[in-house]
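Please view the sequence and the structure together while reading.

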Amino acid sequence: MSVTIKSAREIELMRAAGKILAKVHQELGHEIKPGMSTWDIDHLGEEMIRDYGCVPNFLHYQGYPASVCVSVNDEVVHGIPNKKHIIQEGDIVSLDMGLIYKGYHSDAARTHGVGEVSKEAAALMERTRQSFFEGIRFAKEGKHLYDISAAIGDYAESFGYGVVYDLVGHGIGTHLHEEPEIPNFRQRRRGIRLKSGMTLAIEPMINAGTPDVVWMDDEWTVVTADGSLSAHYENTVLITDGEPKILTLTEEEKECSSQL
């Protein structure tokens with residue numbers, strides 16, 4: 001397994017890519033409201049990315065037809081935006097997107113509640129987010145990759161949730177997907193030892209019910225096998241010789257996470 005170690009210059013470019021993506025996520029998240037189509041969300045997201053002078057890295061990636069993966073309720077990931085798919089009060093909407101800045105990628109996902117959501121949905125979104133932070137306690141030089149995986153999975157499963165096995169996080173840099181793959185559940189081994197300069201896209205995908213998922217006929221949209229709700233939370237993370245640096249955290253989230 002070859003995991004790239006970023007130079008100081010590369011890290012600065014990835015910081016910039018992450019900062020811009022965080023701004024787009026924050027701005028786009030505020031725009032979601034009942035009556036919008038998932039196509040509207042994608043169109044607006046692409047405009048924002050390009051307005052910052054960047055390129056949406058999901059668009060046409062392996063044939064994906066949009067800039068933002070918009071996944072609603074039981075859709076886990078890779079929901080294809082559609083003018084006929086209208087957002088309703090009480091929905092939960094996952095936005096997964098990334099961009100390229102001067103040749104370097106960033107990648108992040110957030111799940112938003114639309115208006116007033118159920119207690120079940122609110123708890124799932126918060127616990128999915130927290131599972132990420134449980135994981136990155138171990139995202140430090142000298143720790144092992146699968147220590148992150150175990151912490152994410154153990155936390156989510158403690159609530160009876162299903163942690164998706166069929167989809168994982170990944171390394172990131174000059175390519176959207178680089179080594180290593182990062183599962184969100186406990187492994188038999190501890191995995192590679194983490195080194196300063198590694199950049200990882202860590203992304204818990206947590207279902208309220210079964211961990212099992214199904215690919216729809218469009219060959220992109222992944223849904224929960226039992227129709228239960230699913231949430232997604234992802235950030236691009238830099239490994240350092242101290243605490244990990246989250247490159248895609250919004251200003252609002254930094255305030256909430258200042259204790260970390």
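Which side chain meets that of E178 in a salt bridge? The partner is K6, with a distance of 3.7 Å from N to O. E178 and K6 are both buried.

The model is predicted, and this should be kept in mind throughout. In the whole structure, a search finds 8 salt bridges. Side chains of opposite charge can pair when their charged atoms come close.

A salt bridge joins the side chains of D147 and R190, at 2.8 Å from N to O. The two residues sit in distant parts of the chain, 43 residues apart: D147 is in helix α4 (residues 145-157), and R190 is in the loop between β8 and β9 (199-202). Is D147 buried or exposed? Its relative accessible area is 14%, and because buried means under 20%, D147 is buried. R190 counts as partly exposed, at 48% relative accessibility.

R186 and D154 form a salt bridge in which the closest N and O atoms are 2.4 Å apart. R186 is in the loop between β8 and β9 and D154 is in helix α4, so the pair links distant parts of the chain, 32 residues apart. R186 has a relative accessible area of 54% and is therefore exposed, the cut-off being over 50%. D154, with a relative accessible area of 34%, is partly exposed.

## The largest pocket

Rolling a probe the size of a water molecule over the atoms shows where empty space is left. The largest pocket has a volume of about 500 Å³. It is lined by 22 residues, and the closest to its centre are R110, T111, H112, E252 and E253.

Which elements each supply at least two residues of this lining? They are α1, β5 (104-113), α3 (119-136), β13 (230-232) and α5 (251-256). Sorted by class, the lining of the largest pocket has 6 nonpolar, 11 polar and 5 charged residues.

## The second largest pocket and E203

The volume of the second largest pocket is about 420 Å³. Of its 20 lining residues, Y61, H78, H170, H177 and E203 are the closest to the centre. The lining of this second largest pocket has 10 nonpolar, 5 polar and 5 charged residues.

E203 is found in the loop between β9 and β10 (205-207).

## An exposed loop residue

D241 lies in the loop between β14 (235-238) and β15 (245-246). With a relative accessible area of 68%, D241 is exposed.

What does D241 contact beyond its neighbours within four places in sequence? The contacts are E141 and S196. D241 and E141 are 100 residues apart in sequence, yet their C-alpha atoms are 5.3 Å apart in space.

Note on methods. Residues are numbered from 1 along each chain as its sequence is written. This is a predicted model: local features need pLDDT of at least 70, side-chain atom pairs count only at pLDDT 80 or more; totals for chains, interfaces and linings use all residues. Side-chain values use heavy atoms; hydrogens and water are left out. Helices (H or I, at least four residues) and strands (E, at least two) are DSSP runs, numbered from the N terminus. Buried means under 20% relative accessible area, exposed over 50%, partly exposed in between (1.4 Å probe, protein chains only). Contact means heavy atoms within 4.5 Å. A salt bridge is a side-chain nitrogen of Lys or Arg within 4 Å of a carboxyl oxygen of Asp or Glu. On a 1 Å grid over the protein atoms alone, a cavity is a set of points where a 1.4 Å probe fits but cannot get out, and a pocket is an open set with protein on both sides within 12 Å along at least five of seven lines; lining residues have an atom within 4 Å of a point. Grid points are joined across faces, edges and corners, and a volume is the space filled by probe spheres set on the points. Ala, Val, Leu, Ile, Met, Phe, Trp, Tyr, Cys and Pro count as nonpolar, Asp, Glu, Lys and Arg as charged, and the others, Gly among them, as polar.
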